[in-house]
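Please read it alongside the sequence and the structure shown here.

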Amino acid sequence: MLGSLSLLWLAAMTTSLVSQSQILTLEDYQEGEEDDVTVATPSLAVRCDYDRCRHLQVSCQELQKVGPVACLCPGLSREDQQPEPPRLGEVQIVAEEGYAVVHWCAPFSPVSHYWLLLWESNGAPQKSAPLNATVRRAELKGLKPGVAYVLCVVAANDAGESNVPGADVEGPENWTGPSFGPCRKLIMPPKPVTLVYAAVGVGTALALLSCAALVWHFCLRERWGCPRRQGIAQASEAL
């Protein structure tokens with residue numbers, strides 16, 4: 001009887017120890033597996049710090065090479081196609097100095113360089129020197145006051161150059177192209193000094209004319225006399 005109880009107790013203890021060892025082994029395995037597994041967090045793609053209207057802006061492809069993570073660039077046309085026309089932006093006119101500051105935005109195309117075209121009257125357009133692809137601002141000097149011009153910005157690459165709307169029109173007076181594009185009609189105002197001289201001249205002419213009218217009036221009065229005084233004198237003589 002004692003032997004049977006001893007055997008039962010030994011079997012129960014063995015079963016308990018085996019189950020505990022299996023549980024510990026399973027927990028240890030799970031903890032080890034959690035330590036070994038590294039959770040990979042996907043990195044979110046961001047846009048490159050690229051502004052196609054910013055002056056001295058490097059290309060977006062260069063920004064992708066510099067950053068630690070490849071950023072996203074706007075879609076561009078193929079390099080074997082001529083670029084799209086740029087967009088002419090603000091034009092600041094300095095009438096006193098006779099020049100204008102021109103701003104533009106790059107097209108969504110590969111560009112190697114820019115240049116400016118300027119039409120005056122019916123003559124051939126004046127072409128500026130090539131400008132670097134990072135340039136978005138330039139100065140136009142030697143503009144005449146009171147003269148109308150047509151200004152265009154042109155983009156170029158190895159495949160060709162962008163189209164210029166209204167290039168076959170003779171003279172700025174006949175140009176009717178869109179204002180939102182690569183070209184714009186530009187009218188230089190007269191110099192402020194010229195306006196001052198004109199105002200002084202008009203004022204002087206009016207003053208001289210008023211003086212002449214007064215002198216003429218007094219001369220006639222002295223020569224022919226005052227009609228009212230003559231009437232009074234005649235009435236007195238009648239009495």
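Cys-60 and Cys-73 form a disulfide, with sulfur atoms 2.0 Å apart, a disulfide being a pair of cysteine sulfur atoms within 2.5 Å. The torsion about the S-S bond of Cys-60 and Cys-73 is about -95 degrees, so this disulfide is left-handed. Because Cys-60 lies in helix α2 and Cys-73 in the loop between α2 and β1, the pair ties together parts that are 13 residues apart in sequence. Helices (H or I, at least four residues) and strands (E, at least two) are DSSP runs, numbered from the N terminus. Cys-60 is buried at a relative accessible area of 4%, whereas Cys-73 is partly exposed at 24%; here buried means under 20% relative accessible area, exposed over 50%, and partly exposed in between, with a 1.4 Å probe and protein chains only.

The model is predicted: local features need pLDDT of at least 70 and side-chain atom pairs count only at pLDDT 80 or more, while totals for chains, interfaces and linings use all residues. Residues are numbered from 1 along each chain as its sequence is written, and side-chain values use heavy atoms, with hydrogens and water left out.

**Disulfides**

A search of the whole structure finds four disulfides, and the bonded cysteines, counted along the chain, follow the pattern 1-4, 2-6, 3-5, 7-8. Among them is the disulfide of Cys-48 and Cys-71, whose sulfur atoms are 1.8 Å apart. Cys-48 sits in the loop between α1 (2-36) and α2 (60-66) and Cys-71 in the loop between α2 and β1 (87-94), so that distant parts of the chain, 23 residues apart, are linked. Cys-48 is buried, with a relative accessible area of 10%, and Cys-71 is buried at 11%. With 95 degrees about the S-S bond, the link of Cys-48 and Cys-71 is right-handed.

Cys-53 and Cys-105 form a disulfide as well, with sulfur atoms 1.8 Å apart. This pair links distant parts of the chain, 52 residues apart, with Cys-53 in the loop between α1 and α2 and Cys-105 in strand β2 (residues 99-105). The link of Cys-53 and Cys-105 is right-handed, with 110 degrees about the S-S bond. Cys-53 is partly exposed at 33% relative accessibility, whereas Cys-105 is buried at 6%.

**The sheet that contains β2**

Strand β2 also belongs to an open sheet of three strands, in the order β1-β2-β6 with antiparallel pairing, where two strands pair if DSSP finds at least two bridges between them. The edge strands are β1 and β6 (137-140), each of which pairs on one side only. Four bridges join β2 to β6, and His-103 has Arg-137 in β6 as its bridge partner.

**Salt bridges**

Three salt bridges are found in a search of the whole structure, a salt bridge being a side-chain nitrogen of Lys or Arg within 4 Å of a carboxyl oxygen of Asp or Glu.

| Salt bridge | Closest N to O distance |
|---|---|
| Asp-80 and Arg-78 | 3.3 Å |
| Glu-120 and Lys-144 | 3.3 Å |

Glu-120 lies in strand β3 (residues 113-120) and Lys-144 in the loop between β6 and β7 (148-157), so this pair ties together parts that are 24 residues apart in sequence. Lys-144 is partly exposed, with a relative accessible area of 44%. Arg-54 is partly exposed at 34% relative accessibility, while Asp-49 is exposed at 58%. Asp-80 is exposed, with a relative accessible area of 54%, and Arg-78 is exposed at 52%.
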